[in-house]
Every structure is written in C-alpha cells, then in structure tokens.
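Dear colleague,

I am handing over the structure we spoke about, and I would be glad if you could look through it alongside the notes that follow.

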Amino acid sequence: MHRIVILGGGTGGTLAANRLRRAFGHDEAIITVVDEDDRHVYQPGLLFVPFGLTHGEDIVRPRGRQLHRGIAYVVDPVDRVDLGTRRVHLASGQELDYDALIIATGATLAPEETDGLTGSGWKESVFTFYDLEGAEALAKKLAWFDGGRVVVNVVEMPIKCPVAPLEFCFLADWFFEQQGVRDRVELTYVTPLDGAFTKPVASRRLGGMLEERGIELVTEFNTGEVDGDKGRLVSYDEREVPFDLAVVVPVHNGAPYVTRSEGLGDALGFIPTDVHTLQSEASPHVFVIGDAAALPTSKAGSVTHFEGEVVVTNVRAFLEGRELDASYDGHANCFIETGFSKAMLIDFNYDVEPLPGHFPSGVGLPLMKESHLNHLGKLLFQWFYWHSLLPGRDIPGVHSAMPTRGKHRTAPTQEVSVS
C-alpha cells in the first residue's frame, strides 16, 4: 500500500486528494490529508465581503466534507517534516510516514512583520480583507464611511491573488458611487511594483483603468511602517502616503512548519519546486501544489487548479517508478472584477503574457476586455469551485496547458523566457 500524505486541506490539497482517490484503488494507497482546522474558506469570496455582496456563512464549509470517502482527514497542526526519515511530525505528537508527500499548505499572512500594522488603528482605520475576520470588520467600516482618503496598499510581493487589491479599488469606486459619496472619496493604490501589475502588457491596461476611474497609482513604494495614529504609510525611503482608511495586504510567508523542517523551504517558508514537474527540489518524494510553491507564476486558485492534473499524474508516476510529466507551463488565469457588473479576464503562462482574444478557444469569454459576461463567469465560478474543482472533476474545455487558440499576438516582446 502506497502511503500518500497531503499537508493542507485547502484548494490544492482537497482537489489533489480527490483526484488521487480516483487514480488509486482503496487497496493500492492510503491517502491522508492534514490541516490545522476544519474551516475551508472560498478565498475569492473575501473580495466581496467588505461591500456586502456576500457573507461569511456563504463562503465557508467544513474541510472534511469536501473529501471523498476513503480519504483520512486529520485535524492537527504540522510541527515539522523530516525529509530523511520521510515522516511528518504533528503538534499532538502523532507521526505520519509517507512514500509521497504533497505540500499544499499555501501562504500565511504575517501582518506583524510590518511596523505599526497591527498597532494603533488596527481594525479601526487600518484593515485587511485577506482573511475572513478582516473582511467582515471592513464591511462594518465601509457601511458608514462617508468620505476621506482610502488607500489600498500591497506591502510586499508575493501575495495571494495579485489582482485582488486592484479589484478592491475598482469595486470601491463602484461602491462609493452607489452610496452617493464617490465625489467625497479619494482612492489611491500603493504598490511595491513599478506598475499596476506584474505583467507589463496587463499592467499598462490596468494602470489605464485606474486612471479612467480617478484612482491614483503610487508605484515602487516599499512600506516600512503603517502609522495608524497619524494616518500615514511610510516607505523605507521615507516617502509618505496619508490616509483616512487604509486597506492593507500584509506580507505573505509560507507555513511556519516549513522553516522548522530542515532543507525543505526557502527563507520565506515557500518550497523551491521544479517549474514543470512540480516535484520539490528538496526531495524526490515531495511534490508541491498551490501557493506553497516557489514558482515564477501567480499565487492564485486557477494556478492550483491547473497544477492539480500534473501533480496527480506525477505522484502516481513516481510511486510506480515511471518518468515524470514535465508539461506544466505556468498556466494562470484571473477574472478581474472591475465594478458596475463588469469584469476582465486574463490568461497567461510562464512564457506568454496576457493577450487579447477569447478563452478557452476562438469563441468564449473575452480576454483583456471588460464585459458583463466575464462578471457572470466570476460569479458562477463559486459553484464550479465547490462542485467541480474541489471534487477533482475536469471543467470541460479547460486544461492545465494554456490554450493558444483564440488568442491574438500583438508583439513578439510579449514572450519572456523562464529558466
């Protein structure tokens, strides 16, 4: 019996476990999923909570209930992984031996790493929507906010869903317009990047959309302090951005156990991973899926979905002594909610930037263009998430490799090499 242990019961761990349960008979493999709690949050829904468009009870379900029968679920924090003995040590003292280990513990928020962020003003004038408690607190604040300077700040990259802070700006523009106070609100987006987004073509498009909506863009701002008393962000080069309300995306790290596991991760707690096979660089017995991986692609749910097919194929190949599949191309796509019942869709991979056209083929959802259809696609994705993606089912017409059909190349400089 193969012993497969999966650390993390979020998107990546759940879909990988369910796919593996179908790939291996019950007499072929024991599959165990470990997580520190039994609360599975649909993270794309957090964006909508501050604006009253959804609520916590609508986006949270028990983790264990998302797993197929025949998968063991253990609620216990991970203490460390011993790569030499191929053993996972849990906080309770329980030990799990593995023949293959999948790390799917994602990224964790570290607001305490930024001076002042959780000090004076925290959850009064300074908020985050990157966890459920913060999103719900921000919803209460926005319901009564009637004017002032709202600053949306990304402290440091990488972060989960790099487009989400931009989406917050666009939805805030819509929300304050609906509330009748938009003319009394200044919106500012503050980022450590040199543009609105990581990909140059999409960055120019998104930067233009911010400008069209009267949202100020402050770039190359590396936040060193959040001063809640004086209402200001202070960068390491001593620039300041004043605020009445700050919506901050904190520093992200890997899971804490990674740094306690000798040789497993990097300085931030993410796992160096082969860009095409998704096998850990630390051990051939370890594979990585989702935000936990140190890869040159977005930390986004779509990436996890596209990685799932390759991870499951390669775990099985590894256990059966076959050559690994090196086909993962960094495929990612993101619906970008732009307010007023519209959204934009981008689709890209390691080598190709977001291009105009349609997804997933010559007909389908428009790319690099705001549309009501894309807005509906983003809303419908929540149903697909619970009923198709997590159970490990394929979405018709959507595969791990980025589709090229239906895309229009506009310039050869939109390709970059990934080593």
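R260 is partly exposed, because its relative accessible area is 44%, and in this model, which is predicted, its side chain meets that of D79 in a salt bridge of 3.9 Å, N to O. Since D79 lies in strand β6 and R260 in the loop between α6 (256–259) and β20 (271–272), the pair ties together parts that are 181 residues apart in sequence. D79 also meets the side chain of R80 in a salt bridge, at 2.8 Å from N to O; D79 counts as partly exposed at 27% relative accessibility, and R80 is likewise partly exposed, with a relative accessible area of 33%.

The structure holds 20 salt bridges, and another of them joins the side chains of D347 and K407 at 2.7 Å, N to O. Here D347 lies in strand β24 (residues 342–348) and K407 in the segment after α8, so this pair ties together parts that are 60 residues apart in sequence. Is D347 buried or exposed? D347 counts as buried, at 0% relative accessibility, and K407 counts as buried too, at 12%. Elsewhere, D35, D37 and R63 are linked in a network of salt bridges.

Turning to the aromatic rings, the count comes to 14 aromatic pairs. In one of them, the rings of F175 and F176 have their centres 5.6 Å apart and their planes at 70°, so the pair is edge-to-face; F175 is buried, with a relative accessible area of 7%, and F176 counts as buried at 1%. The rings of F381 and Y385 have their centres 6.5 Å apart and their planes at 55°, so that pair is tilted. F381 and Y385 both lie in helix α8, 4 residues apart, which is about one turn of the helix, and whereas F381 counts as partly exposed at 25% relative accessibility, Y385 counts as buried at 4%. Ring pairs also link F51, F129, Y130, F145, F168, W174, F175 and F176 into a cluster.

Two rings have a charge over them: the charged end of K299 sits over the ring of F270, 4.2 Å from its centre, and the charged end of R316 sits over the ring of F24, 5.0 Å from its centre.

On the surface, L373, L376, L379, L380, W383 and F384 form a nonpolar patch, with about 590 Å² of accessible area together. L376, one of these residues, is found in helix α8 (residues 372–389) and is partly exposed, with a relative accessible area of 37%.

R86 has its place in the loop between β6 (78–82) and β7 (87–90) and is partly exposed, with a relative accessible area of 28%. Leaving aside residues up to four places away in sequence, R86 touches L96, D97, Y98, D99 and H285, and although R86 and S283 are 197 residues apart in sequence, they are 9.5 Å apart in space, C-alpha to C-alpha. E112, in the loop between β10 (107–109) and β11 (126–127), is exposed, with a relative accessible area of 55%, and its C-alpha atom is separated by 12 Å from that of N253, 141 residues apart along the chain.

With kind regards

Terms used: Residues numbered from 1 in each chain as written. Predicted model: local features only at pLDDT ≥ 70, side-chain atom pairs only at ≥ 80, totals over all residues. Heavy atoms only, no water. Patch = residues over 30% accessible without salt bridge, like charges linked within 9 Å, V, L, I, M, F, W, Y side chains within 5 Å. Areas by Shrake-Rupley, 256 points an atom, 1.4 Å probe, with all protein chains shown as cover. Salt bridge = Lys/Arg side-chain N within 4 Å of Asp/Glu carboxyl O. Helix = DSSP H or I, 4+ residues; strand = E, 2+ residues; numbered from the N terminus. Buried < 20%, exposed > 50% of the residue type's maximum accessible area, 1.4 Å probe, protein only. Phe/Tyr/Trp six-rings, centres within 6.5 Å; stacked < 30°, edge-to-face > 60°. Lys NZ or Arg CZ within 6 Å of the ring centre and 35° of its normal. Contact = heavy atoms within 4.5 Å.
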